[in-house]
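Here's a quick briefing for anyone meeting this structure for the first time. Take a look at the sequence and the model, then read on.

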Amino acid sequence: MEDNFTRIVKDKTRREILIYLYNKNKATYSDILHDLNLSTGKLNYHLKILQPLITKEGEYYMLNEKGRQLVEIMLSPGNDKKESEYTKYLPQFLAVASLIFLFIAGGLLSHIHAFYIIYSISIILLLSSVFFLYTLEVKGLENAMIFLAILFPYAFYLNGHIFSCIQFYQLT
């Protein structure tokens with residue numbers, strides 16, 4: 001049931017249909033088709049998925065009790081998920097900040113306490129980036145996150161190795 005609920009709520013067109021039916025109380029197929037500017041195939045597809053939340057009486061579609069409750073939750077003030085430029089780039093920003101802190105940590109290998117603090121911040125930033133990437137449903141960053149996940153341990157190793165080489169050459 002959780003998968004069906006998630007599938008229904010994630011799609012913008014289905015959310016629009018649900019809100020439309022909530023506002024109009026009932027509507028014909030033609031009303032939905034024209035008012036939401038959908039093709040017949042697209043509307044048929046979405047109405048089939050929305051079956052657990054809508055009922056059809058004669059030629060009218062309307063929300064059942066579960067559908068009404070869902071739309072009320074979607075429209076509640078605490079559930080406003082408008083995508084802003086800030087939320088759009090937040091996962092990227094956190095991932096880049098994570099790498100910056102990782103390189104800083106690599107430079108602090110001789111100061112073990114500072115190293116662990118900065119390294120921990122780096123890990124927290126990377127995990128936050130992944131969390132926001134998933135929860136905000138930002139598209140197009142999947143490959144970047146995979147790249148960062150692969151680069152992360154190597155960046156730490158290389159940065160520490162380079163720092164050790166620089167210290168060695170300064171001593172000679």
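What follows is a short tour, from the overall layout down to single residues.

This is a predicted model, in which local features need pLDDT of at least 70, side-chain atom pairs count only at pLDDT 80 or more, and totals for chains, interfaces and linings use all residues. Residues are numbered from 1 along each chain as its sequence is written, and side-chain values use heavy atoms, with hydrogens and water left out.

**Overall layout**

- The protein's secondary structure comes to eight helices and three strands; helices (H or I, at least four residues) and strands (E, at least two) are DSSP runs, numbered from the N terminus.
- Starting at the N terminus, the elements go α-α-β-α-α-β-β-α-α-α-α.
- Of the 172 residues in the protein, 31% are buried; buried means under 20% relative accessible area, exposed over 50%, and partly exposed in between, with a 1.4 Å probe and protein chains only.
- Among contacts with a separation of 6 or more, 63% come from residues 24 or more positions apart; a contact means heavy atoms within 4.5 Å.

**The sheet**

- The three strands make an open sheet in the order β1-β3-β2, with antiparallel pairing; two strands pair if DSSP finds at least two bridges between them.
- At the edges sit β1 (27–28) and β2 (54–57), each pairing on one side only.
- Helix α2 (residues 12–24) packs on this sheet and touches β1, β2 and β3, and its direction makes about 95 degrees with that of β3; axes are lines fitted to C-alpha atoms, for helices over the stretch in contact, and angles run from 0 to 180 degrees between N-to-C directions.
- Four bridges join β2 to β3 (residues 60–63), and the two run antiparallel.
- Glu 57 stands opposite Tyr 60 in β3.

**The nonpolar core**

- In soluble globular proteins, nonpolar side chains tend to be buried together.
- The largest nonpolar core here has 21 residues, and Ile 17, Leu 18, Leu 21 and Ile 32 touch the most other members; such a core is a set of buried Ala, Val, Leu, Ile, Met, Phe, Trp, Tyr and Cys residues joined through side-chain atoms within 4.5 Å.
- At least two residues of this core come from each of α2, α3 (29–35), α4 (40–49), β3 and α5 (65–75).
- Helix α2 gives the largest share, four residues.
- Setting aside neighbours within four places in sequence, Leu 21 is in contact with Lys 26, Ala 27, Ile 32, Ile 54, Tyr 61 and Leu 63.

- Which residues of α2 are buried? They are Thr 13, Arg 14, Ile 17, Leu 18, Tyr 20 and Leu 21.
- Seen down the axis of α2, these buried residues fall within an arc of 160 degrees, so they line one face of the helix; the arc is that of the directions from the helix axis to the C-beta atoms.
- Lys 12 and Asn 23, on the other side of α2, are exposed.
- In α4, the buried residues are Leu 43, His 46, Leu 47 and Ile 49.
- They also cover an arc of only 160 degrees around the axis, which puts them on the same side of α4.

**Two asparagines with positive phi**

- Most residues other than glycine have a negative phi.
- Asn 25 has a positive phi, near 70 degrees, and is found in the loop between α2 and β1.
- Asn 25 counts as partly exposed, at 44% relative accessibility.
- Asn 37 has a positive phi too, near 55 degrees, and its place is in the loop between α3 and α4.
- Asn 37 is exposed, with a relative accessible area of 70%.
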